[in-house]
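Welcome! Here is a short tour for anyone meeting this structure for the first time. Please take a look at the sequence and the 3D view below.

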Amino acid sequence: MNLSRRSLSRRGLLAASTLTALTAASPASAASVEGGGSGGGRRLRTGFERLAADGYAPLDGERVGVVTNPTGVTRDVRHIVDVMHADERVNLVAVFGPEHGFRGTAQAGGSEGRYDDPATGLPVYDTYQKSGRALADIFTAAGVDTIVFDIQDVGARFYTYIWTLFDCMESAELAGKRFMVLDRPNPVTGRGAYGPVLHKEFATFVGRQPIAQAHGMTVTELALLFNGEFLERPVELETVRMTGWKRSDFYDASRLPWVPPSPNMPTPDTALVYSGTCLFEGTNLSEGRGTTRPFELLGAEGIDRKWAAAVNELGLPGAHFREAYFAPTFSKFQGKTIGGVQLHVHDRESYDPVRTGIALLVTAKKVWSGFAWRSDNWIDKLTGTTRVRTQIDAGADTDAVVAAWQDDLAGFRAMRRRYLRYP
């Protein structure tokens with residue numbers, strides 16, 4: 001399965017990636033990749049399930065390192081690191097943990113550092129906020145030949161795991177390592193892309209490259225896009241795609257267990273709203289951290305029923321808004337009872353998370369005199385542009401704000417189509 005890294009062109013690497021996705025399973029499974037499966041008999045198989053069913057053949061003879069977190073589990077919720085470590089067919093030598101850590105013990109903006117995993121004895125290396133040559137040196141020190149990525153994403157540009165993917169791909173190329181991505185569902189479907197596209201001057205770890213705020217892709221599709229469009233030197237990339245997944249599927253269709261990808265992403269419902277309501281991180285309002293419904297509860301001291309009334313009057317598709325009062329146990333307004341709204345999605349098919357997030361910002365500013373952006377203009381990093389902030393400050397309504405990013409979004413959608421691999 002090894003490819004000649006130096007002899008492959010960018011186009012050749014992409015072709016090889018697709019070939020691996022098709023050959024990592026039996027011929028029957030490969031056929032279902034092309035067709036996507038159909039009907040009530042369709043069963044999703046993750047990238048890891050297909051890799052394991054093939055006896056880990058693509059990893060034969062390789063020293064393997066895995067980039068993962070608590071979401072890297074089998075259908076019966078065993079962690080893939082534990083499974084692979086116990087299998088003599090895999091020479092697993094290292095684990096690499098992202099934000100929140102390999103075992104998920106750290107809060108937002110934290111990681112677990114370097115340690116030996118008590119369950120397996122494997123060395124665990126910290127990738128959080130590491131990139132380029134520094135991360136390449138970690139891969140070299142770990143003694144791996146192939147780096148495998150398996151993390152559940154949630155479909156939003158500012159969720160950091162996709163940029164861990166990007167950084168690891170870039171650093172793997174620098175270190176001369178092969179890179180493999182095991183696919184999992186986009187829990188909020190892959191039907192479309194929504195929201196502003198990042199402008200490169202706002203690139204940070206919550207957005208390295210110009211993709212849409214809600215990208216509508218799986219991690220293998222993103223890996224192919226990163227390799228084909230954004231990496232200066234493409235990595236030797238292989239992907240193992242899912243079978244039985246369709247772009248219209250929400251997470252519950254997968255029948256997979258939900259493991260929170262981070263402490264404030266407790267359910268697939270959270271993921272459904274996150275790409276819009278995470279924008280409140282860029283304001284002085286609570287985005288619901290420290291509650292049991294983060295990103296669904298929003299509020300601040302001094303807000304009352306007027307906000308829910310104002311946003312309900314807009315008739316936003318798929319959503320209702322309830323007057324709500326809550327007391328966050330940490331983060332903004334810790335221990336204080338505050339007022340605001342709870343977002344209820346009643347029709348997932350028609351719901352647009354980014355448009356809804358903008359409407360909530362616009363109405364919050366209108367009904368609450370205390371509204372303010374974070375002093376560091378973090379909202380510009382989240383949206384990838386100054387336009388959202390400046391338009392709202394100038395009194396623009398939701399339609400005007402959304403209209404301003406449509407040309408950029410059309411360009412991203414055209415590029416995105418070239419890397420979609422599921423029906």
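Which element gives the largest share of the lining of the largest cavity? That is helix 8 (residues 268–277), which contributes 3 residues. This is a predicted model, so to speak of local features a pLDDT of at least 70 is needed, side-chain atom pairs count only at pLDDT 80 or more, and totals for chains, interfaces and linings use all residues. Residues are numbered from 1 along each chain as its sequence is written, and side-chain values use heavy atoms, with hydrogens and water left out.

**Cavities**

- A cavity is a set of points, on a 1 Å grid over the protein atoms alone, where a 1.4 Å probe fits but cannot get out; lining residues have an atom within 4 Å of a point.
- Grid points are joined across faces, edges and corners, and a volume is the space filled by probe spheres set on the points.
- The model has 5 cavities of 30 Å³ or more.
- The largest cavity holds about 200 Å³ of space, and 19 residues line it, with Val 188, Thr 189, Tyr 194, Ala 214 and Pro 353 nearest its centre.
- Its lining splits into 10 nonpolar, 7 polar and 2 charged residues (nonpolar: Ala, Val, Leu, Ile, Met, Phe, Trp, Tyr, Cys and Pro; charged: Asp, Glu, Lys and Arg; polar: the others, Gly among them).
- The second largest cavity holds about 90 Å³, and its lining residues include Thr 46, Arg 75, Gln 152, Arg 184 and Trp 258.
- By class, the lining of this second largest cavity has 6 nonpolar, 4 polar and 2 charged residues.

**Helix 10**

- Helices (H or I, at least four residues) and strands (E, at least two) are DSSP runs, numbered from the N terminus.
- Helix 10 (residues 353–367) has 15 residues and reaches 21 Å from its first C-alpha to its last, close to the 21 Å expected at 1.5 Å a residue (1.5 Å times one less than its number of residues).
- Asp 352 caps the N-terminal end of helix 10, with a side-chain oxygen 3.1 Å from the backbone nitrogen of Val 354.

- An open sheet of 7 strands runs in the order 3-4-2-1-5-6-9, with mixed pairing (two strands pair if DSSP finds at least two bridges between them).
- Strand 3 (115–116) and strand 9 (236–240) are the edge strands, each pairing on one side only.
- Strand 3 pairs with strand 4 (residues 123–126) in the antiparallel sense over 2 bridges, and Asp 116 stands opposite Pro 123 in strand 4.

Conventions: 1 Å grid on protein atoms, 1.4 Å probe; cavity = no way out; pocket = protein on both sides within 12 Å on 5 of 7 lines; lining within 4 Å. Polar contact = N/O pair within 3.5 Å; in protein donor to acceptor, adjacent residues only side chain to side chain.
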